[in-house]
Amino acid sequence: MASLLFFLPPPPPPITLMSQSKIPKPFHNHSWLFKNPIEKPGFGDKKWSIHADSSSFNLLNFADGLGLVEAPAKLDILRHLLRHQTGDYSLECLSLIDATQRLGIDYHFQQEIQVVLQSLYVSSNHQQDTNLHYTSLLFRLLRQQGYPVSTESFTIFLDNKGKFNQGLTQNVNGLMSLYEASHLCMHGDDILEEAETFSTHGLNHCLAHLDHHMAPLVRNTLAHPHHKSVAKFMVPNYFGDIQSTNKWIHVLQDVAKVDFNRTQLLHQDELVQFLKWWKETGLAEELKFARDEPIIWYIASLVCLGDSCYSQQRLQLGKTISFVFLIDDLFDVFGNLNELTLFTEAVCRWDLGAAKTLPDCMGVCLKSLFEVTNDISSMIYKKHGWNPIGFLSRAWGKLCKAFLVETEWMSCGYSPSAEEYLRNGIVSTGIHVILVHVFFLLGQQISHQTAELLEDDLDIISSTAIILRLCDDMGSAKHAFTRAQDEKQVGRDGSYAKYYMNEHPSISHEATHHHVTNKISQAWKTLNKEYLLSNLFPAKFTQASLNIARAVPLAYNYGSNQSFMPLEKLIQQLLFRVYV
């Protein structure tokens, strides 16, 4: 196994921003990872050499520097605290649980947290609390854990007109917790819709009067509500000198930093393995028209499957994601309609022999797709006793058909209705084929029934795809990254907003924007319902779908929210920065 890397050279410089295309498109120059060994300063007077293919690494060498020696003792302290919180329904108890989740260390305390929340859920059915901060935080913690908690607990904060009491606008902590809770809204939760509007307005209004400690905290809450953020990317935000009433915050931070650094080593090693695979495929040379962005493809797999135990699954999923991008470019910038029709038919038949009838680069792409998918199927069969090749190949066929439909529309100048475009666009996001692979790679609850359900337009898949597709299509949407070659694609893709305005010639851009935003909001409600209440699929599968939706703002910074850190900085923070 390749060595776990500690320091890596900085990533390549950021590249030009531009307009929309189907899939986010960042880094493509990764050769810096395969240069000669580079020495960087480590802890104290030590130096560490970087080799992309060296054979060993002893994590204990870093124990003192990373705080690994003290970490187990601090974990025991925190477990003891949580175990003795049962029956104590204080705000401090909820804040402790919330902090472990925001710092990404809650998996260490799953049993203790479950006991506390079960006790709190039982008691919450028999009492109503008048503390907005406590009520909102309790509601969010219980609902995100899957408890069927009612929104009735918020009615105590309404006035006689059914609106939130204006006196609450001075309660900043309460407003932040209410805003966070509102993002777990499902269909029919009218009071949570009102809560989001009220808390958003209240927090924005009070920003000018807050000190330099609270104002950044409020801005971060508005920009990155916990439920709609990629937790792994947000963790470093809580490593600084934050204002907190939680007296254990520094212990929590220490444990989280050790955990983050240790996990970072694993991800660095995975990235080296993935880049080595990509280089060995030779596809960057064979498909010069396509994107060469393996770092992003790996990061996408990390977003879907973030747990450390899914290392091999991430590597395989990254390969799948790479072909979603490559085939997308094949349809967008290379093949003509006849060639793409033959390519699609070959994928649908899963017929490698058809590669002979295709242009060389399309044949190479087809062959590589088959090899990778067959290898993944073989790995799944060996591990779980189930061969998914039929389901995986059909998922690829479904994607290629959706790409082909868009090519046919463009070729003949056909203008579909907005809903017709969206139905096809849900598939052409690639979300379906990615999540089908996620399901089989996880190897949980595999049966003919669940596998066949995946071939339908399930809400857990389509809601995430709608969020991605519509965010891509919004008039103000901008990719976080692109490269110069993408300019060839400008104007080739339609958009939901464009076709909707074609159907409604008198409608304004503002009204169209509102309509699309509302459809995204409705998709989030559906996704929340599937994630929080459905047990049709394993929790890690539904979480993967949710995580993809959470990652959308990293690729599409739409609307008035300009607070997202550039994606290349997020990647550097996640993979290359050590926290001590």
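Mentor: A residue is called buried here if its relative accessible area is under 20%, exposed if over 50%, and partly exposed in between. By that rule, buried residues make up 56% of the 580 residues in the protein. The model is predicted. Its secondary structure comes to 24 helices and two strands. Of the contacts with a separation of 6 or more, 75% are between residues 24 or more positions apart.

The helix I would pick is helix 6, residues 172-182, which is mostly covered, with 10 of its 11 residues buried. The buried ones are Val-172, Gly-174, Leu-175, Met-176, Ser-177, Leu-178, Tyr-179, Glu-180, Ala-181 and Ser-182. That list includes Glu-180 and Ser-177 as well as Leu-175 and Leu-178. The packing partners of these buried residues are helix 3 (91-102), helix 5, helix 7 (190-206) and helix 8 (214-223).

Helix 5 spans residues 132-144 and contains Leu-142. Leu-142 counts as buried because its relative accessibility is 0%. Leaving out residues up to four places away in sequence, Leu-142 touches Leu-117, Tyr-121, Ser-124, Tyr-147 and Val-149. Its C-alpha atom is 8.5 Å from that of Gln-118, a residue 24 positions away along the chain.

His-227 and Ala-181 are 46 residues apart in sequence, with 8.5 Å between their C-alpha atoms. Beyond four places in sequence, His-227 touches Glu-180, His-183, Leu-184, Trp-524, Asn-528, Tyr-531, Leu-546 and Arg-550. Glu-180 in that set is one of the buried residues of helix 6. Trp-524, Asn-528 and Tyr-531 fall in helix 22 (509-533), and Leu-546 and Arg-550 in helix 23 (539-555).

The loop between helix 22 and helix 23 holds Phe-537, while Phe-439 lies in helix 18 (residues 431-442). The structure holds 23 aromatic pairs. Phe-439 and Phe-537 form one that is edge-to-face, at 5.8 Å centre to centre with 90° between the planes. The pair therefore ties together parts that are 98 residues apart in sequence. Both phenylalanines are buried.

In soluble globular proteins, nonpolar side chains tend to be buried together. Trp-396 touches Thr-320, Phe-323, Val-324, Ile-327, Val-347, Trp-350, Leu-369, Thr-373, Val-433 and His-437, again not counting residues up to four places away.

Trp-350 is in the loop between helix 14 (337-349) and helix 15 (360-384). Its phi is near 55°, a positive value in a residue other than glycine. Most residues other than glycine have a negative phi. Trp-350 counts as buried because its relative accessibility, 19%, is under the 20% limit. Gln-445 also has a positive phi, near 55°, and is not a glycine. Gln-445 lies in the loop between helix 18 and helix 19 (448-453). Its relative accessible area is 44%, so Gln-445 is partly exposed.

Phe-274, Trp-277, Trp-278, Trp-297, Tyr-298 and Phe-325 form one aromatic cluster. Arg-394 lies over the face of Phe-391, at 4.9 Å from the ring centre. In helix 10 (residues 249-281) is Asp-259, which is buried because its relative accessible area is 6%.

The axes of helix 17 (residues 418-428) and helix 20 (residues 459-473) come within 8 Å and cross at roughly 105°. The two helices are therefore roughly perpendicular to each other. Helix 17 makes the contact through Tyr-421, Leu-422, Gly-425, Ile-426 and Ser-428, and helix 20 through Ser-462, Ala-465, Ile-466, Arg-469, Leu-470 and Asp-473.

Methods:
Residues numbered from 1 in each chain as written. Predicted model: local features only at pLDDT ≥ 70, side-chain atom pairs only at ≥ 80, totals over all residues. Heavy atoms only, no water. Helix = DSSP H or I, 4+ residues; strand = E, 2+ residues; numbered from the N terminus. Buried < 20%, exposed > 50% of the residue type's maximum accessible area, 1.4 Å probe, protein only. Contact = heavy atoms within 4.5 Å. Phe/Tyr/Trp six-rings, centres within 6.5 Å; stacked < 30°, edge-to-face > 60°. Lys NZ or Arg CZ within 6 Å of the ring centre and 35° of its normal. Axes fitted to C-alpha atoms, helices over the stretch in contact; angles between N-to-C directions. Parallel < 35°, antiparallel > 145°, perpendicular 65-115°, else oblique.
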